[in-house]
Amino acid sequence: MRSRLHIHGVKSTPRTPLFAVFPAAGVARGQRFLAILRPLLLSLSLLPSAGCSKEGSSDQPLTVGFIYVGPRDDYGYNQAHAEGAAALAKLAGVKTREEENVPETVAVQKTLESMINLDGATVIFPTSFGYFDPHILKVAEKFPDKTFLHCGGLYDGSKHPSNVGSYFGYIDEAEYVSGVVAGMTTKSGKLGFIAAKPIPQVLRNINAFTLGARSVNPSVTTAVIFTGDWSMPVKEAEAANSLIDQGVDVLTGHVDSPKVIIELAERRGAFSTGYHTNQATLAPKGYLTGAEWNWSKVYTDYMTFIREGKPYPHLLRGGFKEGYIKMSPYGPAVSEEAKKKADEAKAKLTEGTLTIFQGPIMNNEGKVVIADSVAQQQTDIALESMDYLVAGALGSTH
């Protein structure tokens, strides 16, 4: 089933596959019709009015495409990007096109080409991590005059096309601050973290959260459960219940949509911290704060580069200082003391006077992973290959 489509700036209707209009008895006739129609559609898509004029010119809006792996209202990863797209749609001379529920398969290649050929998109943000290789790379080589900007930080100038770029944020800074709030709020001293997979970016968030919590409450622990994939609502619910049964009173997670985790924590009287976007409405009593993306800043920055004809960074990253991440507002359960500690940590991270991964740091197996004299800053390549859980994080990466 095809996803819904959203166009900002023009009247839109869902895109219906052409073959769907032909009944089963007329498939052959429909196929012959499609064979005639495809060349016409392609020729129309190549006309100047379809987006081949100068990008951002006053008489021709810049069409920008966004592709999501899940629903755009998932209270999570995809919604965070959709909020960024909505901010971009408010800019004069910009028209946005969105498609949701596009899997990390050849389907994304078809969506990319459709956005270019039929919608006139000249800049596309395919937001899911698995879209990059081989899908974005293949389409980028086919359309060298279009720009493809991927969320994930995978761009390598030595081997990837020059019309491709990637961006990401130092969300572990926000996770550290969430950990401070969790550490100051927990009554049992037991935190829980439900995550998809033990890949470096996920481990970096778990470890930052744990280090933040232990910076204000050294005896606190974070029990970690990996579900195996980005969207596993049943397993996420089972993990949340299991952790609460074990005495965990603050839950968080790194999955595509933390909705299940946040709602279950609220029902069972536990606290929670969010991820990706603001989930406060899902847990009016127990939501403490959350680590949020601010993709609108990233997208408007890119538009400034592109519309002014300036070279854009092929690898764009930032944290609190650059405005690429933010914190959810504090919930009613957060004490004034916890707010003060969290605000102090955020200020230091913004100033660059606090390094999250500052040695000595030991893993949860008792081995030193960052030596006493070593400070791994946000740009340190070693953080991109993190394969451990810090002391205080209960679980295994194997």
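Analyst: A salt bridge, as the term is used here, is a side-chain nitrogen of Lys or Arg within 4 Å of a carboxyl oxygen of Asp or Glu. This is a predicted model, in which local features need pLDDT of at least 70 and side-chain atom pairs count only at pLDDT 80 or more, whereas totals for chains, interfaces and linings use all residues. Residues are numbered from 1 along each chain as its sequence is written, and side-chain values use heavy atoms, with hydrogens and water left out.

User: With that criterion in hand, how many salt bridges does the structure hold?

Analyst: The structure holds 13 salt bridges, and one of them is formed by the side chains of E384 and R317, with a nitrogen-to-oxygen distance of 2.7 Å. E384 sits in the loop between β17 (375-376) and β18 (393-394) while R317 belongs to strand β12 (residues 315-318), so this pair ties together parts of the protein that are 67 residues apart in sequence. The helices (H or I, at least four residues) and strands (E, at least two) are DSSP runs numbered from the N terminus.

User: Are E384 and R317 buried, partly exposed or exposed?

Analyst: The classes rest on relative accessible area: buried is under 20%, exposed is over 50%, and partly exposed lies in between, with a 1.4 Å probe and protein chains only. E384 counts as partly exposed at 34% relative accessibility, and R317 is partly exposed as well, with a relative accessible area of 23%.

User: Which side chain does K197 meet in a salt bridge, and which does E263?

Analyst: K197 meets D229 at 3.9 Å, N to O, and this pair links distant parts of the chain, with K197 in the loop between β7 (190-195) and α6 (200-216) and D229 in the loop between β8 (221-226) and α7 (233-245), 32 residues apart. K197 is partly exposed at 29%, and D229 is partly exposed at 34%. E263, in turn, forms a salt bridge with K259, their closest N and O atoms being 3.1 Å apart. Because E263 and K259 are four residues apart in helix α8 (residues 259-267), about one helical turn separates them. E263 is partly exposed with 24% relative accessibility, and K259 is partly exposed with 28%.

User: How should I read the packing of a pair of helices?

Analyst: Two packed helices are described by the angle between their axes and the distance between the axes. Here the axes of helix α5 (residues 171-185) and helix α10 (residues 336-351) come within 9 Å and cross at roughly 160°; the axes are lines fitted to C-alpha atoms, for helices over the stretch in contact, and the angles run from 0 to 180 degrees between N-to-C directions. That angle makes α5 roughly antiparallel to α10, since angles over 145 degrees count as roughly antiparallel, under 35 as roughly parallel, 65 to 115 as roughly perpendicular and the rest as oblique.

User: What should I look for in the backbone angles?

Analyst: Most residues other than glycine have a negative phi, and most peptide bonds are trans. Y75 has a positive phi near 60° and lies in the loop between β2 (62-67) and α2 (77-89), where Y75 is partly exposed at 26%. H276, with a positive phi near 80°, is placed in strand β10 (residues 271-276) and is buried, its relative accessible area being 2%. As for peptide bonds, a cis bond joins D133 and P134 with omega about 15°, P134 being in helix α4 (residues 132-142). The bond from G359 to P360 is cis too, with omega near 5°, and P360 lies in the loop between β14 (357-358) and β15 (361-362).

User: What percentage of the 398 residues in the protein is buried?

Analyst: Buried residues make up 52% of the 398, in a protein with ten helices and 18 strands. Of the contacts with a separation of 6 or more, 68% come from residues 24 or more positions apart.

Terms used: Contact means heavy atoms within 4.5 Å.
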